[in-house]
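Please read them with the structure open.

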Amino acid sequence: MSMDYSSVLSNRIQEIQPSGIRRFFDILEEMKDTISLGVGEPDFVTPWHIRDAGIYSLEKGFTRYTSNAGTAELRREISAYMSRRFHLQYDHAKQIVVTVGGSEGIDLAIRCLVNPGDEVIIPVPSFVCYAPLVSMAGGTPVLVSTRVENEFRLTAQEVRDAITPKTKLLVLPFPNNPTGAILRQEDLEEIAEVLRGTNILVLSDEIYAELTYGQKHVSIANIPDMYERTIVVNGFSKAFAMTGWRLGFLCAPAALMEQMLKLHQFGIMCAPTTSQYAAIEALRNGDRDIESMRDEYDGRRLYLVEGLRRIGVPCFEPKGAFYVFPDIRATGLTSDDFCEQLLLQEKVAVISGTAFSPAGEGFVRCCYATGMKDLGEALTRIDHFLQNLPKKQPQGVAL
């Protein structure tokens, strides 16, 4: 007798659609000589002094569990880092938990806050995990579409229009994946004014906080009256090129952290010990690494935006993360068709904007965390692809 797995699996998990990003990677794995602008991770290797600290911890035999929240030494360094880089003060003993990547931190926050029926406001396009995690917690994702005309920034009016008596949480995924959008201090102040007088909390995903260009990142937790209602998610993957080490952290008011730590204790126990020792070194001596990698990304960012515009692809200039989000509507293709045809015909991988919500239709994500030589060749191939497209009536308007 064969099992009817659909009858035993959770209804909620069966209703969740798999990530749209993975479909392109599955095709990519079968192809050779492909240039990928799809993978959202640094192309840099973790700096040697950070790797060396992890290796040394293994040589010393530091292979046991740490405390659930992470080593006190690491949490002290996180506290000092948040104060030094972002002017935010968190008590290492009560307000910081070390997580398995920023993704676990997002999951912890959502599961600890959202009751069945609660609504969570999520600006889109944005990273793929927020809405599924809200649904898995029994909540209702309320997707708010940001607009290219506003450089994909979330406005206070858009927040105000989305709030209902059921609203529990606002997700702020800025600097943004996939658009590269940031929120300026004045944007945050206006959003804060909307939230004052409510019980709505904020989940601020700041994993790209170190990767901003032309202006420093500002957290909504810096805005008056917002610290008490904000959970900050951050980590080591993007700023320190440590994606495979799987290490992030949460910062939040103690009363919220106490509950999130319980879920972390039962679900995870603690983050990887070796990664924690590497992270201590990253925080103590990694500021120059951040600056050098960011400078390299900045040059690539400008090169790619300029190159796309030169070959006739409209693209606003992103101010954060390491993505550009060009407008491909004038080709007459859907985002999915554009990505599939570009991959099959020219062997260049980019990600459909619809992987990040329906609001991404008409756009694609290109990651510039790759070398300049590959960026140049990718632009040549994209240009060739566009020149050989059948001429169609444009659907969009060039910016």
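The points below take up helices, salt bridges and surface in turn.

1. A caution to begin with. This is a predicted model. Please keep that in view when reading the distances and accessibilities below.

2. Helix 12. This helix covers residues 335-346, 12 residues in total. Its first and last C-alpha atoms are 16 Å apart, close to the 16 Å expected at 1.5 Å a residue. Ser 335, Phe 338, Cys 339, Leu 342, Leu 343 and Glu 346 are its buried residues. Viewed down the axis of helix 12, these buried residues fall within an arc of 120 degrees, so they line one face of the helix. The face of helix 12 turned away from the buried side carries exposed Leu 344 and Gln 345. Lys 347 follows the helix, and its phi is positive, near 60 degrees.

3. Helix 5. Residues 101-113 form this helix of 13 residues. It reaches 19 Å from first C-alpha to last, close to the 18 Å expected. Helix 5 is mostly covered, with 10 of its 13 residues buried. Among the buried ones are Gly 101, Gly 102, Glu 104, Asp 107 and Leu 113. Ser 103 also belongs to helix 5. At a relative accessible area of 35%, Ser 103 is partly exposed.

4. Glu 77 sits in helix 4, residues 72-86. Is Glu 77 buried or exposed? Its relative accessibility is 16%, so Glu 77 counts as buried, the cut-off being under 20%. What is Glu 77 in contact with, leaving aside neighbours within four places in sequence? The contacts are Ile 280, Leu 283 and Arg 284.

5. One to inspect is Arg 85 with Glu 291, whose closest N and O atoms are 3.1 Å apart. Arg 85 lies in helix 4 and Glu 291 in helix 11 (residues 287-310), so this pair ties together parts 206 residues apart in sequence. Arg 85 is buried, at 10% relative accessible area. Glu 291 is partly exposed, at 29%. Both belong to a network of salt bridges that also links Arg 84, Glu 210, Asp 287 and Arg 294.

6. Two further salt bridges. Glu 377 and Arg 381 meet at 3.0 Å, N to O. Both lie in helix 13 (residues 372-387), 4 residues apart, which is about one turn of the helix. Glu 377 counts as partly exposed at 33% relative accessibility, and Arg 381 as buried at 18%. Arg 196 and Glu 193 also form a salt bridge, at 2.7 Å, N to O. Arg 196 is partly exposed at 28%, while Glu 193 is exposed at 51%.

7. A nonpolar patch. Which residues make the nonpolar surface patch of about 600 Å²? They are Met 3, Tyr 5, Val 8, Leu 9, Ile 13 and Met 136. Leu 9 lies in the segment before helix 1 (11-15). At 45% relative accessibility, Leu 9 counts as partly exposed.

How values were computed: Residues numbered from 1 in each chain as written. Predicted model: local features only at pLDDT ≥ 70, side-chain atom pairs only at ≥ 80, totals over all residues. Heavy atoms only, no water. Helix = DSSP H or I, 4+ residues; strand = E, 2+ residues; numbered from the N terminus. Expected span 1.5 Å × (residues − 1). Buried < 20%, exposed > 50% of the residue type's maximum accessible area, 1.4 Å probe, protein only. Arc of directions from axis to C-beta. Patch = residues over 30% accessible without salt bridge, like charges linked within 9 Å, V, L, I, M, F, W, Y side chains within 5 Å. Areas by Shrake-Rupley, 256 points an atom, 1.4 Å probe, with all protein chains shown as cover. Salt bridge = Lys/Arg side-chain N within 4 Å of Asp/Glu carboxyl O. Contact = heavy atoms within 4.5 Å.
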